[in-house]
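Student: I have a new model to read. Can we go through the terms one by one?
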Amino acid sequence: MEAKYQIGQKVVIKQFKAKSPSARDSAIGQYAGQSGTVTDYYWLSPTRGEVFYIYTVKIGSAQKEIVLHEDEIKADNARVH
């Protein structure tokens, strides 16, 4: 399985609508709806045959870097030319 997002791609941090958000959801919730740029990504394989990706994304004017799971972001289609 290949990475869904590539370095340099614009993405938007998803809004979570869980009834009881986890501590992680609460921590990234402050960034929900903001767009950023993928600066790196890594794959993890916790069990044989299972692979998932995490992404480093720079957001905001301060260019803060945060790490997000693939299901926490979506392509920023408004910024695709």
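Student: What does the accessible surface of the protein chain come to?
Tutor: About 5,700 Å², with 51% of that belonging to carbon and sulfur atoms. Areas come from the Shrake-Rupley method with a 1.4 Å probe; for residues, only the protein chains shown count as cover. This is a predicted model: local features need pLDDT of at least 70, side-chain atom pairs count only at pLDDT 80 or more, and totals for chains, interfaces and linings use all residues. Residues are numbered from 1 along each chain as its sequence is written, and side-chain values use heavy atoms, leaving out hydrogens and water.

Student: Why is Y55 called buried?
Tutor: Buried means under 20% relative accessible area, exposed over 50%, partly exposed in between (1.4 Å probe, protein chains only). Y55 has 0%, so Y55 is buried.

Student: Why does Y41 count as partly exposed?
Tutor: Y41 has 26% relative accessibility, so the label is partly exposed.

Student: What makes Y5 and Y55 an edge-to-face pair?
Tutor: Rings of Phe, Tyr and Trp (its six-membered ring) pair if their centres lie within 6.5 Å; planes under 30 degrees apart are stacked, over 60 edge-to-face, the rest tilted. Y5 and Y55 are 5.5 Å apart, centre to centre, with 75° between the planes, so they are edge-to-face.

Student: Why is the pair of Y41 and Y55 called tilted?
Tutor: The centres are 5.8 Å apart and the planes make 40°, so the pair is tilted.

Student: Which residues form the one aromatic cluster?
Tutor: Y5, Y41, Y53 and Y55.
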